[in-house]
Amino acid sequence: MKRSLLYLTIITAIICCACTNRKPKYVIGVSQCSEDIWRDWQNSEMMLESTLHDGVELRFTTARDNSKRQIQQIDSLVESGIQLLIVAPNQLASVTPAINRAYDKGIPVIVFERKTDSPKYTAFVSADNYEIGHIMGNYVAMRLQGKGRVMEILGLKGSSPSEERHKGFTDALKDTDIEIVATLQSDWTEEKGYEAVRNYTGNLEDIDVVFAHNDRSALGARRAFITAHIDKLPLFCGIDGLPGKDGGIQMVRNGVLDASYIYPTRGDQLLQLALDILDGKPFQKETMLTSAIVTSENANVLMLESDEVMRQSQRMTRLKNKADEYIQQLGTQKSISILAVILIFLLLIMIVGIYYYFLQHARISDERNKMEREKLDFYTQVSHELRTPLTLIQAPLEELTETEEGKNASPETKDLYNILRRNTNQLIELINKMLDVQ
Ligand code: FRU
């Protein structure tokens, strides 16, 4: 019984573990270079997409704009057993060795949004940053009607989007009378954008447009202009055009920024590509994402659209949570059902065991009774066998004592007769008693 209980506990534990800890089919590592709303938005898109596929686990890391940290994080992701790596390299060159190591180990690598300087990757997904810089340059030229003074705030040094946006922007302004009076180094953060402008020694008053490589830097730069009490604020342009509260689209609509460019996150598309690669399906090696500029003219429509997208994605998240809840309940119910089946099975085993125990017991006592009966029969038979010769002794003895010789026998002989008679009678009486009992 104790052993059955032990088995029951072990089986139940195994079943419960099996029901709750299903091993994921694919483990995908996501190495983000930065931590900001653009990345958060992209990560949540990937998460949401992963819920639509069975058995996908995502492992996120963020290097917080530090290449050394990103190298370590990529190495530990590989070490942890990921089957595919999605990476946005912080800088063009410094993170490349870690990406190469992962690729050389046979792990497919999707490089997205920022480039490496090595051909060792499985797929590359990005918007065309040169093109974005060029479009922003053309927009600025249009806003200034071909003449004016511009300040450019670069992204992180050594990162491909910054280099390409800069090139595209300057190329677009080449044949105009627009002068780029300052090219300040930043690192994508709002704080660095602010500091870069604060440390600028030139005249802030005669800047017409500030083009920052992303919205956050543009916002930092704007804050610095306001802090410096510049009478007429220049126009601020950025890139990212995120949806939602305080996103680039809203900032353009509210007039905080003059323009932005929607830098596509497309986390869902990235994850789909990752799954196609893992499933061995055909995929495109280089994907160029297209997008659009946000200006005061379309900000309202884009805002409405992005709000709707957000509303739908929140709805999907709620639906997903509900589905998770049901799946969990289903899992618990499954465990309980399995447990009940095991219990019934054990109960049946116990009932059969008890039945066999009693059957065996009855068989043994039957055999014992039979043996007893045989023993009795034997004793009865022996008693009968003993009584016959004794009666055959008793009768002649009686006859002998009744003869003349017997009656006239010496007292010693009579005593002997008596002893013989008494003992014979005693024996016969005893045997009779035994036979009565039997
Ligand atoms: C987000 C971000 C964006 C920028 C992009 C450049 O981490 O800094 O603001 O457009 O990366 O790679």
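## Second largest cavity

The second largest cavity holds about 60 Å³ of space. It is lined by 13 residues, and those closest to its centre are Q42, V125, P264, T265 and L289. The elements that give two or more residues to this lining are α2 and β5, with β5 giving the most, 3 residues. By type, the lining of the second largest cavity divides into 8 nonpolar, 3 polar and 2 charged residues.

A cavity is a set of points on a 1 Å grid over the protein atoms alone where a 1.4 Å probe fits but cannot get out; lining residues have an atom within 4 Å of a point. The volume is the space filled by probe spheres set on the points.

## Basis

This is a predicted model, in which local features need pLDDT of at least 70 and side-chain atom pairs count only at pLDDT 80 or more, while totals for chains, interfaces and linings use all residues. Residues are numbered from 1 along each chain as its sequence is written, and side-chain values use heavy atoms, with hydrogens and water left out.

## Largest cavity

About 120 Å³ lies in the largest cavity. Its lining of 13 residues has R39, R114, W188, N214 and D240 closest to the centre. This lining comprises 4 nonpolar, 2 polar and 7 charged residues.

## Strand β4

Strand β4 (residues 109-112; a DSSP E run of at least two residues) is covered on both faces: V109 and V111 on one side, I110 and F112 on the other, are all buried (under 20% relative accessible area, 1.4 Å probe, protein chains only). β4 pairs in the parallel sense with β3 over 3 bridges (pairing needs at least two DSSP bridges), and V87 stands opposite V111. Parallel strand β5 is also joined to β4 by 3 bridges, with A123 opposite I110.

Conventions
Buried means under 20% relative accessible area, exposed over 50%, partly exposed in between (1.4 Å probe, protein chains only). Helices (H or I, at least four residues) and strands (E, at least two) are DSSP runs, numbered from the N terminus. On a 1 Å grid over the protein atoms alone, a cavity is a set of points where a 1.4 Å probe fits but cannot get out, and a pocket is an open set with protein on both sides within 12 Å along at least five of seven lines; lining residues have an atom within 4 Å of a point. Ala, Val, Leu, Ile, Met, Phe, Trp, Tyr, Cys and Pro count as nonpolar, Asp, Glu, Lys and Arg as charged, and the others, Gly among them, as polar.
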